Structure formats: C-alpha cells, structure tokens
Amino acid sequence: MSAAAGGVRGEWPLWEVFVRGKRGLNHVHVGSLHAADAEMAVRNARDVYTRRNEGVSIWVVKASDVTASSPDEKDPLFAPAGDKVYRHPTFYDVPADVPHM
Amino acid sequence: MTQVEQERELQAQFDAVVARHDRIEPRDWMPEGYRKTLVRQIAQHAHSEIIGMQPEGNWITRAPSLRRKATLLAKVQDEAGHGLYLYSACETLGVSRAELTELLIEGKQKYSSIFNYPTLSYADVGTIGWLVDGAAIANQVPLCRTSYGPYGRAMIRICKEESFHQRQGFELLMTMMRGTDAQRAMVQESVDRFWWPALMMFGPPDDASPNTAQSMAWGIKRDTNDELRQKFVDMTVPQAERLGVTLPDPAIAWNAERGHYDFGEPDWEEFAAVVRGEGPCNAQRIAHRRRAHEEGAWVREAASAFAAQQAAAQQAQEVSA
C-alpha cells in the first residue's frame with residue numbers, strides 16, 4: 001500500500017508548498033516537504049519555510065496531484081505564442097508626440 | 001530520428017543551457033553523470049546540515065543565558081530547515097527521502113568532515129558560527145548560481161540565514177574576549193582546534209580533486225576548492241585581528257605581490273582519516289542519527305495511521321451523503 005493511499009509503512013507523501021509573502025502578492029512555490037496529511041503539511045511548512053516572517057498564507061498541494069507541461073522551452077505547447085508579435089504593444093507604431101500612450 | 005540522434009540533440013540542448021549560464025530544471029533531460037553528481041553533492045550537503053545539529057545541540061541545555069539559549073535553539077532549528085530544503089531539492093532528481101536517510105545511517109553517503117570534531121566548551125559555539133559557518137558561506141554563496149535550479153534556490157534561502165549564524169558566533173566570541181583571562185584563553189583554545197578543520201571544509205587541494213573540472217564544466221561548482229579556501233583566509237585573517245585571537249598558523253602573512261594572504265598547508269592525512277571514518281566523533285554522530293530515526297518510527301507510523309483513518313472516515317461520509 002502506498003503512503004499516499006495512507007499506508008503505514010511507506011514514506012509520508014510529498015507536498016508542494018506555496019507561500020504568499022505579503023498581502024497583495026501571489027502565492028509562490030517555495031519548495032516541498034513530507035507530511036502524513038494536509039494539516040500536518042501546513043504545520044510543517046510553517047516551521048520549514050516561514051521561520052522569519054516570510055509569509056502570511058500557505059498553500060500545500062500533494063505533489064502527485066500536480067499536472068505539469070513539459071518544461072522544455074522548445075515545447076510545441078508554447079510555440080503558438082512565439083510568432084504572435086502583434087499581441088505586444090511594441091508591435092504598433094504610434095508617433096512619439098502622441099501624449100499619454 | 002534514431003535514438004542516438006535524439007540523445008545527441010538532447011545533449012546539445014543541455015550543453016547550450018549550461019553554456020549560457022541558464023538553469024536546468026527537474027524535468028529537463030540531463031546526462032546521467034550530471035544527475036549522479038548532483039545527487040551525491042546535494043545529499044552530502046543535506047546530511048551535513050542534519051549531522052551539523054549535533055555538535056551545537058550538545059550545548060543547548062547548558063547555555064550561559066536565556067539570550068544565548070534562544071539564539072542557539074534558533075540556529076540549530078535553522079540547520080534542520082537547511083537540511084530539509086536540500087533534501088527536497090535532492091528529491092527532484094528522483095531519489096526518495098527514505099533512501100537518503102538510509103544511505104546516511106548506513107554510512108554509504110558522506111557529510112562534511114568538520115562535524116566529526118567534538119565541541120568541548122561554550123566558546124566552540126562561537127567559533128563554529130564564526131569559522132565553520134564562515135567557511136560554509138564562502139562555499140555556498142557561489143552555489144546560489146549553480147546550474148541546477150532547485151539546488152540554487154535552496155542555497156539562496158540558506159545563505160540568507162547563514163549570515164545570522166556567523167554574526168551571532170562572532171558576537172559571542174567578542175563578548176568573551178572582553179571578559180576574563182580565562183574566557184580569552186577559552187576562545188583561543190577553541191580557535192586553535194577549529195582553524196585547520198575549517199580550512200579542510202573546502203575539500204582536498206585542486207590537484208587532488210579529480211571531480212572539480214567536470215563539476216565546473218557542468219556549472220555545478222563555480223570555483224575550485226583552493227580558490228574558495230584562499231577567499232576564506234583573506235576574509236578571516238582581518239577578523240581574527242579585530243577579535244584579538246591568533247590563528248594557529250605561523251605561515252600566515254600578507255603577500256602584496258599576490259594580493260592575498262599566504263598560509264600553511266592543512267594536514268591532508270588527518271583529513272583523509274576523518275573522511276574514512278576515523279575522526280573523533282564519526283561513530284557517535286551516526287549512532288545518534290540512527291537512534292533518532294529508529295526512535296521516531298512509531299511517530300511516523302502513528303501519523304500515517306491517523307491520516308489513513310481520517311481519509312477513510314471522510315470517504316465514508318461522502319458516500320453516505
């Protein structure tokens with residue numbers, strides 16, 4: 001029986017930890033840790049990742065629940081964005097003397 | 001594309017990322033040697049933090065004041081945290097925590113030789129902060145730019161916290177140096193014992209360090225052992241003067257031509273012996289770690305059992321609802 005399924009012998013599951021540094025900022029991934037359940041993961045994350053006021057809020061997600069794209073930057077998933085320069089403001093010529101633009 | 005061609009292209013992509021000082025991330029293709037080297041180095045680093053709790057933890061119950069006790073507790077807790085950041089970085093390379101713990105307590109993976117020396121007086125808490133953490137900082141700052149993303153990110157967190165470690169140590173020693181003759185003698189005696197082992201923390205000299213060239217080509221290491229050792233000596237000699245202690249090396253002298261301090265050669269036979277397991281505390285450190293792991297087994301099992309029970313209860317509730 002796997003630890004993720006609650007096995008007693010196996011390793012505690014791995015959790016990914018996200019911390020909101022302060023109000024107004026996104027939660028950002030800071031690392032991972034092992035814990036038996038979500039509640040313990042939050043408590044451990046507090047001790048491991050926020051010993052010096054690094055955060056005001058913590059999210060934990062079981063690592064096995066994360067679905068990831070391939071990180072390879074040549075990945076076709078990101079290719080459609082590469083040739084669409086017209087999505088950027090710098091694509092458009094506007095005379096320099098037009099105010100507030 | 002044949003598999004050989006595919007492999008060649010992946011290798012070329014990897015080389016290009018490393019060449020432009022970009023970072024390799026966990027799901028990227030990487031050469032097997034790169035992965036193995038990283039696992040060995042990060043694990044060794046993590047083990048050092050974990051074993052490193054012992055020499056100083058030894059003094060927590062005998063701290064001379066509440067202030068020193070709170071500081072030492074926070075510091076030892078940081079070492080645990082550093083170990084955990086590094087274990088989690090290491091796990092992104094496909095090894096499990098249980099495996100790493102096993103390799104440590106079976107003596108199949110190493111940790112820094114410095115932690116095999118005993119702490120004989122409270123001055124050692126200061127000396128470790130000043131010299132041992134000072135050497136660690138010299139080693140670790142360049143590792144913030146290492147080519148493997150998770151390792152570099154762990155190092156950034158660690159370096160931020162190490163600076164507290166070094167400063168509290170130096171402050172402790174300065175306080176003792178302003179005290180009685182007996183306290184000053186205690187500081188000097190402690191520095192005499194830790195100076196050479198601290199220099200050995202940078203590893204063997206470059207001509208006896210066969211892995212350095214490959215590690216540098218891969219961007220894992222950014223400086224050679226001897227370069228880092230020199231940097232550490234250059235930073236530390238003026239600090240020792242300010243503190244009023246004598247570093248136990250008559251060869252230390254400013255060399256205007258080189259723009260560096262000259263210094264003597266550490267006893268590399270002693271270093272090799274400690275690495276082989278013949279240091280004063282090797283057996284004790286591992287036995288202690290093993291005992292802590294074994295005595296914690298029931299806690300790990302109970303927490304898992306509780307989590308399983310809670311999950312089952314929740315599931316039952318959802319089914320009946």
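Predicted model: local features only at pLDDT ≥ 70, side-chain atom pairs only at ≥ 80, totals over all residues.
**Figure 1. Chain B in overview, a chain with 13 helices and two strands.** Taken along the principal axes, the C-alpha atoms of chain B fill a box of roughly 75 × 55 × 35 Å. Of the 321 residues in chain B, 50% are buried, and the chain exposes about 15600 Å², with carbon and sulfur atoms supplying 56% of that area. When contacts in chain B between residues at least 6 apart in sequence are considered, 77% of them join residues at least 24 apart.

**Figure 2. The contact between chain B and chain A, to which chain B gives 27 residues and chain A gives 24 residues.** The size of an interface is often given as the accessible area lost when the parts come together. Here chain B and chain A bury about 2100 Å² between them, and 49% of this lies on carbon and sulfur atoms. On the chain B side, B:Arg27, B:Arg157 and B:Ser304 lose the most area to chain A, and together they account for 24% of what that side buries. B:Arg157 also takes part in an arrangement with an aromatic ring, lying over the face of B:Tyr85 at 5.0 Å from the ring centre.

**Figure 3. Two edge-to-face pairs, one in chain A and one in chain B.** The structure holds twelve aromatic pairs over all chains. One of them is formed by A:Phe91 and A:Tyr92, which are edge-to-face, with 5.0 Å from centre to centre and 85° between the planes. A:Phe91 counts as partly exposed because its relative accessibility is 44%, and A:Tyr92, with a relative accessible area of 47%, is likewise partly exposed. In chain B, the ring centres of B:Phe14 and B:Tyr34 are 4.9 Å apart and the planes stand at 75°, so this pair is edge-to-face. The pair links distant parts of the chain, 20 residues apart, with B:Phe14 in helix 1 (residues 3-19) and B:Tyr34 in helix 2 (residues 32-51) of chain B. Both B:Phe14 and B:Tyr34 are buried, and they belong to one aromatic cluster together with B:Trp29 and B:Trp218.

**Figure 4. B:Arg68 in helix 4 (residues 66-91) of chain B, and a charge over a ring at B:Trp59.** B:Arg68 counts as buried because its relative accessibility is 12%, which falls under the 20% limit for that term. Apart from its neighbours within four places in sequence, B:Arg68 is in contact with B:Ala63, B:Tyr122, B:Gln168, B:Glu171, B:Leu172 and B:Thr175. With B:Thr175, the side chain of B:Arg68 makes a polar contact of 3.4 Å. Another arginine of chain B, B:Arg62, has its charged end over the ring of B:Trp59, at 4.2 Å from the ring centre.

**Figure 5. Helix 11 (residues 268-278) of chain B, with its buried residues B:Trp268, B:Phe271, B:Ala273 and B:Val274.** The cover over the buried residues of helix 11 includes helix 8 (181-200), helix 10 (225-243) and helix 12 (282-295) of chain B. At the start of helix 11, a side-chain oxygen of B:Asp267 reaches to within 3.1 Å of the backbone nitrogen of B:Glu269.

**Figure 6. B:Glu189, a residue of helix 8 of chain B.** With a relative accessible area of 37%, B:Glu189 is partly exposed. The side chains of B:Glu189 and B:Arg193 are joined by a polar contact of 2.7 Å. B:Glu189 and B:Pro248 are 59 residues apart along the chain, and their C-alpha atoms are separated by 9.7 Å.

**Figure 7. Positive phi values at A:Asn53 and B:His21.** A:Asn53, a residue other than glycine, has a positive phi near 55°, and its place is in the loop between helix 1 (38-49) and strand 3 (57-62) of chain A. A:Asn53 is exposed, with a relative accessible area of 74%. B:His21, although it is not a glycine, has a positive phi of about 55°, and this residue is found in the loop between helix 1 and helix 2 of chain B. B:His21 counts as exposed because its relative accessibility is 52%, a value over the 50% limit for that term.

Key:
Residues numbered from 1 in each chain as written. Chains lettered and ligands numbered in written order. Heavy atoms only, no water. Helix = DSSP H or I, 4+ residues; strand = E, 2+ residues; numbered from the N terminus. Buried < 20%, exposed > 50% of the residue type's maximum accessible area, 1.4 Å probe, protein only. Polar contact = N/O pair within 3.5 Å; in protein donor to acceptor, adjacent residues only side chain to side chain. Contact = heavy atoms within 4.5 Å. Phe/Tyr/Trp six-rings, centres within 6.5 Å; stacked < 30°, edge-to-face > 60°. Lys NZ or Arg CZ within 6 Å of the ring centre and 35° of its normal. Areas by Shrake-Rupley, 256 points an atom, 1.4 Å probe, with all protein chains shown as cover. Buried area = accessible area lost by both parts, 1.4 Å probe.
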